[in-house]
Amino acid sequence: MKGIRLAIFGIVLLALAAGCSRIPLHEQGSGVYLHLTVDRSQDPLMEAYLDAHPSLREKFVGKMPEMVRACFYDAVSHDLVSEDFLPPTGGFVSIRDGIYDVVIYSMGTEATQVSGSAKRAGAYAFTDPTGVRVRPQSAHAMGDEIDNPITSAEQPVVFEPDHLFVGKIAGAVVPVRPDDADPVVLSAVLTSISESWSIEIPYIEGAERIRTAEVFVTGLADGRFLWDGRTTGRPCAIGLKSEIDAQGGRIDAVFNSFGRYPQPGSDVLVMVLVTTNSGARCLFSYNAADQWLNPDNSAHRLIFDETMEIPGDDYKGSGVDPVVIGWEGEEITVIIAC
């Protein structure tokens with residue numbers, strides 16, 4: 001009987017030994033360490049602006065991610081062959097020897113999504129449509145009409161993207177190595193593929209008569225590819241709320257985007273839909289393309305210094321145009337300010 005008990009005990013030990021083998025994930029046994037740095041620094045001019053507006057800093061720099069996804073692509077076929085999930089500082093990854101193109105991006109974004117990651121160049125970031133479309137109306141606060149077939153058509157309004165931090169390594173080599181060799185270290189810096197901009201309208205007459213001011217920015221890209229940073233292929237708009245300073249006579253807003261719609265000649269319009277205290281609606285529209293494309297505007301400030309004149313409570317307007325169109329054909333008419 002004692003011999004039978006010893007035999008059973010030996011079988012149990014063998015089973016436990018087989019069932020408790022260590023699987024190398026983020027431990028040194030995997031032999032490849034991915035060293036990551038998340039760069040949230042800003043241009044010096046933007047830093048100066050954020051120092052003066054500290055409440056906007058997180059909007060501009062983004063939240064520090066809690067986790068990232070590392071995608072390893074075959075350097076020849078560009079197919080995804082392995083992936084790993086790591087803290088934002090990096091860690092050990094499980095990958096066999098070979099040559100890889102690596103794309104790393106942050107997880108946990110609220111609005112920004114990533115799709116198409118089965119191929120190296122296919123992974124792109126985007127946000128969902130809100131179910132509203134806008135039609136760019138006038139290119140200047142004085143009412144000049146748009147004559148640009150590229151960005152004068154209706155555009156879908158998408159949710160504003162939050163910051164997605166992306167890094168990449170081209171041609172990373174993981175050599176064949178003995179088990180006791182030092183780990184291979186691969187390094188990458190992750191930066192945001194979203195752009196943050198401020199909108200400033202500093203001269204408003206009658207700002208105390210504004211109930212709300214909705215802002216639509218049109219002529220933007222609806223997504224961006226992770227590997228090479230190119231934007232996806234249709235214009236869209238972003239809708240956002242603004243801050244109204246009735247005493248100071250100004251309107252301010254900030255927003256994130258994937259950048260300008262890349263087709264040459266396309267406009268970026270900032271349309272401000274003002275609802276007065278009496279319920280009248282007025283549209284003020286500004287073409288921001290020149291400021292957007294100005295290489296000296298590294299602080300990403302869109303400043304419109306034309307005086308915005310808010311009509312009085314008895315204002316009825318001289319013309320109406322549809323501006324915001326829902327999926328079911330609902331139209332909201334607004335008065336074009338003259």
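This is a predicted model: local features need pLDDT of at least 70, side-chain atom pairs count only at pLDDT 80 or more; totals for chains, interfaces and linings use all residues.
Trainee: How do I read a sheet, and what is the strand order in the open sheet of seven strands?

Mentor: Strands of a sheet pair through backbone hydrogen bonds, parallel or antiparallel. Strands (E, at least two residues) and helices (H or I, at least four) are DSSP runs, numbered from the N terminus. Two strands pair if DSSP finds at least two bridges between them. Here the order is β3-β2-β5-β10-β11-β1-β4, with mixed pairing.

Trainee: Which strands stand at the edges of that sheet?

Mentor: β3 (80-86) and β4 (90-93). Each has a single partner strand, so one side of each lacks a neighbour in the sheet. Neighbouring strands are turned by 20° against each other on average, direction ignored. The axes behind such angles are lines fitted to C-alpha atoms. Look at β1 (residues 32-38): four bridges join it to β4, antiparallel. His35 has Gly90 as its bridge partner in β4.

Trainee: What is the order in the open sheet of three strands?

Mentor: β6-β7-β15, with antiparallel pairing. The edge strands are β6 (113-115) and β15 (223-225). Three bridges join β7 (residues 124-126) to β15. Tyr124 stands opposite Phe225 there.

Trainee: How do I read a helix, and which residues of α2 are buried?

Mentor: An α-helix has 3.6 residues a turn, so residues three or four places apart point the same way. Buried means under 20% relative accessible area, exposed over 50%, partly exposed in between (1.4 Å probe, protein chains only). In α2 (residues 44-52), Met46, Tyr49 and Leu50 are buried. Down the axis they fall within an arc of 95°, so they line one face of the helix. The arc is taken over directions from the helix axis to the C-beta atoms. Pro44, Asp51 and Ala52 are exposed on the other side.

Trainee: Which residues are closest to the centre of the largest pocket?

Mentor: A pocket is an open set of points on a 1 Å grid where a 1.4 Å probe fits, with protein on both sides within 12 Å along at least five of seven lines; lining residues have an atom within 4 Å of a point. The closest are Lys63, Thr109, Glu110, Asp162 and His163, out of 21 lining residues. The space is about 460 Å³.

How values were computed
Residues are numbered from 1 along each chain as its sequence is written. Side-chain values use heavy atoms; hydrogens and water are left out. Grid points are joined across faces, edges and corners, and a volume is the space filled by probe spheres set on the points. Axes are lines fitted to C-alpha atoms, for helices over the stretch in contact, and angles run from 0 to 180 degrees between N-to-C directions.
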